[in-house]
Amino acid sequence: MANFKYIMVFAVLVSTFTYADDIAIAEDKAEHEEKYCDFNLYLPAKSEGTPDTLLLERSDLSSLNTTTDNNTVQWTIEVADHALAKWEAASADHIGLSMLIYCGDKLISSPVVRAPLGKKFRVTGMDEGARRIR
């Protein structure tokens with residue numbers, strides 16, 4: 001009978017720890033979903049009432065590296081080969097204009113294109129919210 005009591009105590013402890021682990025995993029998943037969001041770069045609409053045009057999304061990038069310099073976030077971005085021609089033409093047509101970078105639904109940066117951009121370019125001067133891009 002004493003062995004049965006120990007088995008029951010062990011079973012209760014295992015189920016308690018398993019429940020606690022399940023809660024921790026669910027909390028980590030919810031935190032991860034809130035913490036990160038997807039990269040989307042739009043060209044602003046040319047006229048009022050027309051939608052912005054999606055130019056690049058995360059699948060169009062070979063890499064997106066985040067660094068911090070003087071408390072501002074900057075990205076080094078490399079465009080994938082399949083999106084490169086579209087990107088180069090759009091950046092050449094938008095010199096002096098902003099492009100809109102969203103983190104999910106939230107606008108996090110609207111950098112001005114200073115020169116035609118190629119396969120690899122840098123976006124600078126963003127706040128900490130830019131770290132959420134994955």
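1. pLDDT is the predictor's confidence in each residue, on a scale from 0 to 100. The structure shown here is a predicted model, and its protein chain has a mean pLDDT of 77, with 69% of the residues reaching 70 or more. Within the protein chain, confidence is lowest in helix H1, residues 2–35, where the mean is 53, and highest in helix H2, residues 81–93, where the mean is 91.

2. A stretch that calls for caution is residues 26–33, over which pLDDT stays under 50 and for which the model has one contact beyond four places in sequence. Where pLDDT is low, the predicted coordinates should not be read in detail.

3. The structure holds one salt bridge, and this is formed by Asp-81 with Lys-119, whose closest N and O atoms are 2.5 Å apart. Because Asp-81 lies in helix H2 and Lys-119 in the loop between S6 and S7, the pair ties together parts that are 38 residues apart in sequence. Asp-81 counts as exposed, at 62% relative accessibility, whereas Lys-119 counts as partly exposed, at 27%.

4. Strand S6 (106–109) and strand S7 (120–126) each supply at least two residues of the lining, and the largest share, six residues, comes from S7. By class, the lining of the largest pocket has 13 nonpolar residues, together with three polar and three charged ones.

How values were computed
Residues numbered from 1 in each chain as written. Predicted model: local features only at pLDDT ≥ 70, side-chain atom pairs only at ≥ 80, totals over all residues. Heavy atoms only, no water. Helix = DSSP H or I, 4+ residues; strand = E, 2+ residues; numbered from the N terminus. Contact = heavy atoms within 4.5 Å. Nonpolar A, V, L, I, M, F, W, Y, C, P; charged D, E, K, R; others polar. Salt bridge = Lys/Arg side-chain N within 4 Å of Asp/Glu carboxyl O. Buried < 20%, exposed > 50% of the residue type's maximum accessible area, 1.4 Å probe, protein only.
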